[in-house]
Amino acid sequence: MSASRCNSVGRTGWYVLRVPIAKVSLSHFPLRCSARAYGKGGTTFGYKLISTLPLRATKRCVFGFAFLFGGGVGLYQTKKISFQQHFAEDELPNLPNLQYGIPTNQGSDLTFATDLKLTLYQYKTCPYCSKVRAFLDYYGLPYKVVEVNPIMHTEIKWSSEYQKVPILMVEGKEIVQLNNSSVIISAMKTCMIDKERTLSEVVQYFPRLLSTNAWGNEVLEYTNKYWVMLNEIKITEVYTSKNARKEEVRWRQWADDWLANRIKPNVYRTPAEALATYDHIVREGNFGSVPFAKYGGAFYMFWASKVLKIWYKLQDDVREDLYMAVNEWITAIGKKRKFMGGDKPNLADLAVYGVLRSMEDLEAFYDMMENTKVKKWYLATEKQVREHGGHVENHCRTIMA
């Protein structure tokens, strides 16, 4: 089927969603159809969701089939995108070994110097990639961006062991590949403070271990990834107290494990928001000529967001969970501090800002700014990042000797 005809089917499906609805019994649909769309029948999430599929009336079943067919085509075109586009780090591939992957730089002597070259491989709308950009921008570290095609991954085919984003390549006399947003930030920050240790030495403090995630999938997790690895002398120089260090770690993890999990259910909350979100993703990302990506991706993520709403036990109006999380963050900062880091943002500030920034230009973002206490802090952090508030001349003698 041509791209234009796929788009026509998609438009038909979305029209069905937007007209007045009535729920149709599952008996109106062949069981085979639900199994094909969601993989399983019975009492699984997919079965329950498709059993309440909105249609205008029984006579409109043909449009329902068009909707399912259009979604199936879109799912086929976008199956590799799905959760990757917004949450690229959620699941890591099973790597053949547990040694940190630095494919071309064994024995590297990377330290901070003037000939640093940084290349960030990213999806622009991914919260984790946004975190890394916030960190690099705040500290005034120049870097090149490579937007990765979320379907083909052509731009990172060279990375045989790791096919997720963000990836930060650090090049000088040697090359170090940093994977995972929190590892990137912690390793870079460690080297910026402790210039006696090389980057290749520092990354050994973040070993990878096999674990099982909440969905029952085997994944690789990075230990110590929220910690800046310093000795006791350096800790006292950088942090006002040990509690300040622990607080930074706690809220960096909270940004990944709690706040980020409220993003998808909110940006895909309604069919209209899902379509607007994927329209934004397609415009900002590197999709190439992928027919039907917008409609197929929006269809898939709209229903996936309903599964996530149940899984994370969110309220009927998921906006309330987003508001509660954001206000919890502002309460933790308190009235006496401008940022969690005091007068300047710390790594927790940059992490939370990076996650929230991924929603910019979407309805959920504007609702959050209007209905929570985050606006003052957000704009202050945005100014610090834009103006490279953490820039120090010594830092920009960047990472290689």
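**Entry 1: ground rules**

I am working with a predicted model, in which local features need pLDDT of at least 70, side-chain atom pairs count only at pLDDT 80 or more, and totals for chains, interfaces and linings use all residues. Residues are numbered from 1 along each chain as its sequence is written, and side-chain values use heavy atoms, with hydrogens and water left out.

My helices (H or I, at least four residues) and strands (E, at least two) are DSSP runs, numbered from the N terminus.

**Entry 2: the sheet**

I looked up the strand order and found β4-β3-β5-β6, an open sheet of four strands with mixed pairing; two strands pair if DSSP finds at least two bridges between them. The edges are β4 (144-147) and β6 (175-179); each has a single partner strand, so one side of each is left without a neighbour in the sheet. On average, neighbouring strands here are turned by 20° against each other, direction ignored.

Next I checked β5 (residues 167-171), which pairs with β6 in the antiparallel sense over five bridges. In this pairing I see V170 opposite V176 in β6.

Helix α5 (residues 127-138) packs on the sheet and touches β3 (117-122) and β5. Contact here means heavy atoms within 4.5 Å. The direction of α5 makes about 155° with that of β3; axes are lines fitted to C-alpha atoms, for helices over the stretch in contact, and angles run from 0 to 180 degrees between N-to-C directions.

**Entry 3: D349 in α14**

I then went to D349, which sits in helix α14 (residues 347-357). How enclosed is α14? I count 11 of its 11 residues as buried, so the helix is largely enclosed by the rest of the structure. Buried means under 20% relative accessible area, exposed over 50%, and partly exposed in between (1.4 Å probe, protein chains only).

What does D349 have instead of a salt bridge? D349 is buried without one, and the nearest side chain of opposite charge, R337, is 7.5 Å away. Lys and Arg count as positive and Asp and Glu as negative, while His and the chain ends are not counted. A salt bridge needs a side-chain nitrogen of Lys or Arg within 4 Å of a carboxyl oxygen of Asp or Glu.

I did find backbone nitrogens by the side chain of D349: that of G341 lies 3.0 Å from one of its polar atoms, and that of N346 also lies 3.0 Å from a polar atom there. Beyond its neighbours within four places in sequence, D349 contacts residues including W329, I333, F339 and W377.

At the start of α14, a side-chain oxygen of N346 reaches to within 3.0 Å of the backbone nitrogen of A348.

**Entry 4: salt bridges**

My search of the whole structure gave 15 salt bridges. R337 has E247 as a partner, with the closest N and O atoms 3.0 Å apart. This pair links distant parts of the chain, 90 residues apart: R337 is in the loop between α13 (318-333) and α14, and E247 is in helix α9 (residues 242-259). R337 is partly exposed at 28% relative accessibility, whereas E247 is buried at 19%.

R269 and D317 also bridge, at 3.3 Å between the closest N and O atoms. They lie 48 residues apart, R269 in the loop between α10 (263-267) and α11 (271-284), D317 in the loop between α12 (293-311) and α13.

I noted E387 with K383 too, at 3.1 Å, N to O. Finally, shared partners join R269, E273, D317, R319, E363 and D367 into one salt-bridge network.

Terms used: Polar contact = N/O pair within 3.5 Å; in protein donor to acceptor, adjacent residues only side chain to side chain.
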